[in-house]
Amino acid sequence: MTRRTGFTTGEVCWTDLQTGDVEAAKTFYAALFGWRYEDLPTPDGRSYAQAFLGDGLVSVIAPQNPQQETAGAPGQWNVYFAADDARELAAELAHSGGSLDFGPEAVNDTGVMIFFAPPGGGTTGAWQAGSHFGTARSQEPGALAWAELLTPEPQAAVGFFQQLFGHEVTEYPQDDGGTYTTLMVNGTEVAGIAPLPADADVPLKAGWQVYFGVANVADAVDAAVAAGAVVLVEPEELEEAGTVATLQDPQGGVFSLLEL
């Protein structure tokens, strides 16, 4: 278990869910992770839910934006990297091969947010902390445990993040001839980058995969299915990571579980 009071630039600091049915999503993730919620209004008159694990804020469940609603998009988990200066980071994107999708935008006094895409795609957030620094708990059941980018251009994506955040990297050769790369800050692995599988049983697209910790993956999968989830990747034990599984929540949000 890790309690956080802040994040260094380049660390994954936060994840949140945009979904078409906030109330249904709250019910699902409360059943799975034991989250409790505090509801707050959005500027357009709707509400979003702050999700707490014990006394620690670990995520937000928010309504979709108008474009997502119009398109009938499934729920989406977003991943954010800590940034000292979101506006400066946005300006650097043009020189690093990425593209700016949104922002910079100040979110009241909580911080400044941008969304961008690395080469090969995969919407990514960056967060400049104000009163909100990110998740208060990690590496424990019910909290953010890992994040990895699946991309058709892994080498370009790795170089992009190195240039943007100064990440060091570690490379792990895979049995299929590919390479799994981890991004590192001060010697600690903070995120992964992997080739987008071309022959996966479940169609995948470029983007971030969010992993939440659980005490037992098999039990958590059973609980998720009972609450309405669909299993995309059955529980499997990976040599470097441990036991994992990937699911889709009832509103279409895809996430993974990691046994801690």
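Figure 1. Strands β8 and β9 (residues 124-129) pair in the antiparallel sense over six bridges; two strands count as paired if DSSP finds at least two bridges between them. Helices (H or I, at least four residues) and strands (E, at least two) are DSSP runs, numbered from the N terminus. This is a predicted model, in which local features need pLDDT of at least 70 and side-chain atom pairs count only at pLDDT 80 or more, while totals for chains, interfaces and linings use all residues. Residues are numbered from 1 along each chain as its sequence is written, and side-chain values use heavy atoms, with hydrogens and water left out. V112 stands opposite Q128 in β9. The hairpin of β8 and β9 has six residues between the strands, and G120 in its turn has a positive phi of about 95°. Strand β7 (residues 99-107) also pairs with β8 in the antiparallel sense, over six bridges, and F102 has F115 of β8 as its bridge partner. Three residues lie between the strands in the hairpin of β7 and β8, where N108 takes a positive phi near 50°.

**Figure 2. The two faces of β8.** Seven of the seven residues of β8 are buried, so the strand is largely enclosed by the rest of the structure. Buried means under 20% relative accessible area, exposed over 50%, and partly exposed in between (1.4 Å probe, protein chains only). G111, M113, F115 and A117 cover one side, and V112, I114 and F116 the other; all are buried.

**Figure 3. The open sheet.** Eight strands form an open sheet with mixed pairing, in the order β3-β4-β5-β2-β6-β9-β8-β7. Strands β3 (36-41) and β7 stand at the edges with a single partner strand each, so one side of each is left without a neighbour in the sheet. From one strand to the next, the twist averages 25°. Strand β2 (residues 12-19) pairs with strand β5 (residues 56-63) in the parallel sense over three bridges, and Q18 has A62 in β5 as its bridge partner. Helix α4 (residues 154-165) packs on the sheet, touching β6, β8 and β9, and its direction makes about 150° with that of β8. Axes are lines fitted to C-alpha atoms, for helices over the stretch in contact, and angles run from 0 to 180 degrees between N-to-C directions. Contact means heavy atoms within 4.5 Å.

**Figure 4. Aromatic pairs.** The count comes to 24 aromatic pairs. Rings of Phe, Tyr and Trp (its six-membered ring) pair if their centres lie within 6.5 Å; planes under 30 degrees apart count as stacked, over 60 as edge-to-face and the rest as tilted. F28 and F255 form an edge-to-face pair, 6.1 Å centre to centre with 70° between the planes. This pair links distant parts of the chain, with F28 in helix α1 (residues 22-33) and F255 in strand β18 (residues 254-259), 227 residues apart. F28 is buried at 2% relative accessibility, and F255 is buried at 0%. The rings of Y80 and F115 have centres 5.4 Å apart and planes at 55°, so this pair is tilted. Y80 lies in strand β6 (residues 76-82) and F115 in strand β8 (residues 111-117), so the pair ties together parts that are 35 residues apart in sequence.
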